[in-house]
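This briefing is intended for reading alongside the sequence and the three-dimensional view. Please keep both at hand.

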Amino acid sequence: MAQDRHPAENRMIDAIVATATPPGRSALGIVRVAGPGTRDVARVILGEQPFQHRQATVRLATHGNHPIDQVVALYWEAPETPIGEDLLEITTHGSPEILAAIVDAAVSAGARPAEPGEFTRRAFTNGKIDLTQAEAVETLIQARGHRARRAAVDRLNGEFSRIVREARTPVLDLLCLLEARLDHPDEDIPPLTDSEIFSALDGLLSPLDRLIAAHDRGRIERDGIRVCLAGKPNAGKSSLLNALLGRDRAIVAPTPGTTRDTLEEHATFEGLPVLLVDTAGMRANALDPTEQEGIRRAQQALAGCDVAVLVIDASQWVGGTLPAEELAHRVRIDQPVVVAFNKSDLIADRAPLTGGIAISAKTGEGLGALSLAVARAAGCSDMDQGESLLIGARDRKALSVAKAEISAARSDVLAHPGRWEDRVAGRLRDAHASLGAILGEGAPDEVLHAIFSRFCVGK
């Protein structure tokens with residue numbers, strides 16, 4: 001596979017070094033060295049004793065005649081390495097000074113500092129992973145919530161690559177059939193009728209439509225749900241925020257109107273990333289300018305949320321329809337609204353609490369049901385096993401281009417009945433190339449640079 005990569009990658013012929021653990025002090029730190037010359041670098045800083053493939057040894061790391069640290073060194077010999085080149089990982093005590101000294105020693109021994117994402121880029125260049133798997137490395141690092149993390153792991157393991165290849169193979173099969181007819185008109189290859197090519201093209205569109213729809217469905221799951229807690233003063237919005245976070249983040253007081261500004265905190269609902277926004281209590285007769293500004297900001301937060309949680313004091317609830325003031329606040333926004341009857345622990349009779357979820361920020365009752373209701377209101381299906389999170393913006397663009405080419409091929413059949421083979425073959429070639437671009441085939445150097453420059457140095 002390596003020979004299929006972009007020719008510009010041939011410049012990667014030297015050893016590189018970088019710290020692979022975050023800045024700061026910790027129990028352990030890791031320095032990675034990779035590429036041609038790695039064994040020479042290892043010999044200089046870790047001694048002449050030979051390394052065994054994939055066998056960890058304890059060594060004294062030195063720079064010149066000066067000891068740096070007692071380390072654990074693990075050496076992989078190419079090509080049986082994660083990146084297809086010789087790879088050395090040095091585990092040190094987690095001192096920034098020690099890590100910097102190891103890197104300096106490696107540079108003095110002939111390595112150069114790695115660029116962001118260069119280790120992963122070399123794995124792609126050497127055919128160990130395709131571009132979708134390479135992108136999954138960064139996605140996995142940034143993933144919040146177990147669903148996003150699971151999808152990133154699936155993509156890293158090649159699940160999305162498999163799906164793309166399954167959609168791409170029939171495009172190539174149909175293209176080969178048409179090109180065989182075009183290149184060898186004298187051969188006994190039966191032509192496709194207009195109805196047969198229509199049916200074949202429709203079959204190619206179906207998986208692309210499904211993948212594009214999955215991307216669009218998963219937008220809110222990838223980007224996170226913005227959830228606004230709204231309601232009257234003293235309904236318990238700030239207490240609810242603290243309960244959902246599991247810590248005291250917002251100031252809570254018995255005096256109504258304690259919150260005067262919006263307060264944002266990250267959380268997780270049903271494995272999905274959520275941004276919780278606590279807002280000032282809203283009422284029609286606010287006279288204080290500061291409270292009026294708080295209400296204005298609350299309304300602004302409501303307008304920008306994905307789901308609003310309307311918090312109602314259950315101890316003051318008398319049943320029936322929502323109070324006029326609460327209902328007025330609901331109709332000011334187009335987003336879904338989940339009604340939460342807070343302080344349900346203060347009432348004995350739960351029968352009147354209809355049209356919402358009974359919760360208690362004090363006892364934690366109903367918080368799980370509330371998080372599930374919010375996720376569903378945002379359009380996140382609990383039946384979705386993660387396909388919607390596999391597909392990124394770059395993938396969607398390529399899928400859309402492939403779909404447009406195949407749709408244009410259908411139009412060509414209509415416009416040129418019986419004389420469409422040349423045109424349709426050209427469309428299918430472009431669709432096939434677009435799907436291949438998702439996997440990294442023929443990717444321009446600027447595309448690769450844009451992808452890998454987002455990575456951490458050392459990854």
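This is a predicted model: local features need pLDDT of at least 70, side-chain atom pairs count only at pLDDT 80 or more; totals for chains, interfaces and linings use all residues.

Residues are numbered from 1 along each chain as its sequence is written, and side-chain values use heavy atoms, with hydrogens and water left out.

**Overall chain**

- The chain has 16 helices and 12 strands; these are DSSP runs numbered from the N terminus (helices H or I, at least four residues; strands E, at least two).
- Of its 459 residues, 47% count as buried (buried is under 20% relative accessible area, exposed over 50%, partly exposed in between; 1.4 Å probe, protein chains only).
- The accessible surface comes to about 21900 Å², and carbon and sulfur atoms contribute 53% of that (Shrake-Rupley method with a 1.4 Å probe).

**Helix H9**

- Helix H9 (residues 237–245) is largely enclosed by the rest of the structure, because 7 of its 9 residues are buried.
- The buried residues of H9 are Lys237, Ser238, Leu240, Leu241, Asn242, Leu244 and Leu245.
- Their cover includes strands S7 (225–231), S8 (263–269), S9 (272–278) and S10 (307–313), together with helix H12 (367–377).
- Gly246, which follows H9, has a positive phi near 80°.

**Helices H4 and H16**

- Helix H4 (residues 131–142) packs with helix H16 (residues 445–452) at an angle of about 25°, and their axes are 10 Å apart (axes are lines fitted to C-alpha atoms, for helices over the stretch in contact; angles run from 0 to 180 degrees between N-to-C directions).
- H4 is therefore roughly parallel to H16 (roughly parallel means under 35 degrees).
- Leu131, Ala134 and Glu135 of H4 meet Leu448, Ile451 and Phe452 of H16 (contact means heavy atoms within 4.5 Å).

**Salt bridges**

- The count comes to 26 salt bridges (a side-chain nitrogen of Lys or Arg within 4 Å of a carboxyl oxygen of Asp or Glu).
- Arg25 and Glu97 form one of them, at 2.9 Å from N to O. Arg25 lies in the loop between strands S1 (16–19) and S2 (26–34) and Glu97 in helix H2 (residues 96–108), so the pair ties together parts that are 72 residues apart in sequence.
- Arg25 is exposed, at 60% relative accessible area, and Glu97 is partly exposed, at 48%.
- In the salt bridge of Glu441 with Arg168, the closest N and O atoms are 3.0 Å apart. Glu441 is partly exposed, at 42% relative accessibility, whereas Arg168 is buried, at 11%.

Notes: Angles under 35 degrees count as roughly parallel, over 145 as roughly antiparallel, 65 to 115 as roughly perpendicular and the rest as oblique.
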